Every structure is written in structure tokens, then in C-alpha cells.
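Please read the points below alongside the coordinates.

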Amino acid sequence: AARNWPVSRPKLFLRWVLLAALAGMILASPLALAQDGNSVKKLVAAELVATEDFGIENPGILTPNPFYFVKNFRRSTLRTLTFSPLKRADFELEVLNEKAAEIKLLLELNPKSASLEFAVANYQFTLDRLQTAFSNLKDSSSNAAVNQLLDKLTNRALTHLRLFDELKGRLDLAGKEKVDFLQSKLAGVLANTLERLDSKEKLIL
């Protein structure tokens, strides 16, 4: 009799291929990463990322706006009211994605602005929160909700990695080094999360 797979096996296989590629990216030296188009870049589409790729029609208020604090206050309030570890991880992923969309819009408006640098620093702060939230998850991807979140994390991370590739092409050396650090950290968060939570047993026939 055919087995009822709780997780789409093609999706699961893609996640493990990605995990292997990310491990290579994290372990490689910066020089090696600069010299070859590594496996992650083969998985990341070559075309420029569009604002719609983040699933956000309008990023709303941006960091230069003096009322940006209202946006942060709303996020802080929602964070305080989110108690479930799974919902907290999903919430932090959504905030990170919003901040990536803000970076994209600022990049289109003025790639030389100080606001863009501030937005990148904002992203890094939220990435730290995301790392903590996902480290607090205990269930594996055999839990359907966790599996759905892992798919979401994978898709978001690939979009953000594409954004960072585009961003590096518009920055000076110091800016590129900061984005390189973010790319490496995001790849590490994704790789560690998949390795810890993804259920290998579901690949067994």
C-alpha cells in the first residue's frame, strides 16, 4: 500500500540539498566564496529580486521617516503578546521579511543613503531575534506546522540571499563586507535550523 507522506518529499529533498550547499558556503573561506559561483548561488535565481517576491505589496513607512517608531512599537506590542514558540518564530520571520522589503525599496530610491545602511543594521538586529526564536523550537518537521514554517523560512531566506547579492553590487567595500556577514549569518541560521528540525526519516522509502 502507498504510504501517506506527511511532508512533500520533493520539497523535503530540496531542503536537504540546500542544507548541503549552505554547509559548504559556511565552511568555505571568504576567498573561495569570492572566486567561485558556489552552490547557493546556483540555487538562487540570477534575476533581480522584486518587492513582490517578499509577498509584501507595500513595505509602508521606511527608516528615514520620523514616524518609523510607530511601526517598531506595533511590532514590539505584537511580540509581547506572542507566547507560543512556533508563533514567535513565525512572527520574527515576518518582521525580518518586512525589513528585507524595506531594504529593497530603499535600494531602489537611493542606494547611497545613510538610511539604507541603517536598514541593513536593523535587519541584522532582527536576524539575531530570529535565530533565538528558532533555537527555542523543539518539535521536528514531522509536526505539520513546523514543516510549513521550515518551507517558509527556506523560501524567505533564498529571496533575502538574492537581495543581498543585488545589494553588494551597489555598495562600497565596507558595505559589501557587512552584507557578506549577513549572508553568512542567514545561511548559518537556515542550515542549523534545517539540520536540527528537519526529519531525515521522511526521506527513507
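The numbered points below set out the basis of the values, then the salt bridges, and finally a threonine.

1. This is a predicted model, in which local features need pLDDT of at least 70 and side-chain atom pairs count only at pLDDT 80 or more, whereas totals for chains, interfaces and linings use all residues. Residues are numbered from 1 along each chain as its sequence is written, and side-chain values use heavy atoms, with hydrogens and water left out.

2. Side chains of opposite charge can pair when their charged atoms come close. With a salt bridge taken as a side-chain nitrogen of Lys or Arg within 4 Å of a carboxyl oxygen of Asp or Glu, the count comes to 15 salt bridges.

3. One of these pairs is R75 with E98, whose closest N and O atoms are 2.9 Å apart. The pair links distant parts of the chain, since R75 sits in helix α4 (residues 68-80) and E98 in helix α5 (residues 85-109), 23 residues apart; helices here are DSSP runs of H or I with at least four residues, numbered from the N terminus. R75 is buried, with a relative accessible area of 2%, while E98 counts as partly exposed at 22%, where buried means under 20% relative accessible area, exposed over 50%, and partly exposed in between (1.4 Å probe, protein chains only).

4. D90 and K152 form a salt bridge in which the closest N and O atoms are 2.7 Å apart. Because D90 lies in helix α5 and K152 in helix α7 (residues 144-168), this pair ties together parts that are 62 residues apart in sequence. D90 is partly exposed at 28% relative accessibility, and K152 is likewise partly exposed, with a relative accessible area of 23%.

5. The side chains of E117 and K178 also meet in a salt bridge, at 2.9 Å from N to O. E117 belongs to helix α6 (residues 114-135) and K178 to helix α8 (residues 173-197), so parts 61 residues apart in sequence are tied together by the pair. For K178 the relative accessibility is 43%, which counts as partly exposed.

6. Finally, T159 is found in helix α7 and is buried, with a relative accessible area of 10%. Leaving aside residues up to four places away in sequence, T159 touches V49, D53 and F54, contact being defined as heavy atoms within 4.5 Å.

Note on methods
Helices (H or I, at least four residues) and strands (E, at least two) are DSSP runs, numbered from the N terminus.
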